[in-house]
Amino acid sequence: DPQIEALMALFDWQAGRQFYNDALTSDYATAKDVDLGYLFYDGFWEESEVASAAEEAFLDANSSNHWRYMDLQRLPSEKMSAVLQEIFGITLEETNKVGLSYPYFEETDAYYHLHSGTHYAEITINRAENCDDGTIRMYYERHSYPSVNMVATLKPNGNGYQILSNLPEAVQ
């Protein structure tokens, strides 16, 4: 099915579609409630993971004293808003900031996520349903513990899609 293949390519985190994939790691009835902690867990690949002297002082004062042994992900607000605009059609300010517990440094206008490991959704798309209102319901299995059958509602947007919701199939 060409539509399933196109959706698999869109949500394939290994193909550089990191944020579309990470958008499937949380459950939300509206895009405003996407878990930003999960969405931006791995940060922006092009951002340096080396803290400046000012960032070091900020992180020393605002995070665990073990932060130097973790991966540093700098999350500039402007880049976060650009991702949210592309994937959901909203800005950072328009979200409910669910899961955004990372320290915010006003001087850099960035959040800082300190972690080890990675985070992504391993999925199998089972089918896509074209709805009368122009949206697409993507039925997929999210392979996690436990495995869950999910439905993401997508809205075509130019050459791509915006995600309207992502819920367990039983809730739909």
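Helices (H or I, at least four residues) and strands (E, at least two) are DSSP runs, numbered from the N terminus. By that count, the protein chain has five helices and seven strands. This is a predicted model, where local features need pLDDT of at least 70, side-chain atom pairs count only at pLDDT 80 or more, and totals for chains, interfaces and linings use all residues. Residues are numbered from 1 along each chain as its sequence is written, and side-chain values use heavy atoms, with hydrogens and water left out.

**Fold and dimensions**
- Reading from the N terminus, the order of elements is α-α-α-α-β-α-β-β-β-β-β-β.
- The protein chain is as compact as a globular protein of its length, because its radius of gyration is 17 Å, close to the 16 Å of the globule rule for 172 residues (taken over C-alpha atoms; the rule is 2.2 Å times the number of residues to the power 0.38).
- Along the principal axes, the C-alpha atoms fill a box of roughly 55 × 30 × 30 Å.

**The open sheet**
- Three strands line up as β1-β3-β2 in an open sheet with antiparallel pairing (two strands pair if DSSP finds at least two bridges between them).
- At the edges sit β1 (71–76) and β2 (104–105), each pairing on one side only.
- Strand β3 (residues 110–115) runs antiparallel to β2, and two bridges join them.
- Y104 stands opposite Y111 in β3.

**Packing**
- Of the 172 residues in the protein chain, 45% are buried (under 20% relative accessible area, with a 1.4 Å probe and protein chains only).
- Take the contacts (heavy atoms within 4.5 Å) between residues at least 6 apart in sequence: 59% join residues at least 24 apart.

Note on methods:
Buried < 20%, exposed > 50% of the residue type's maximum accessible area, 1.4 Å probe, protein only.
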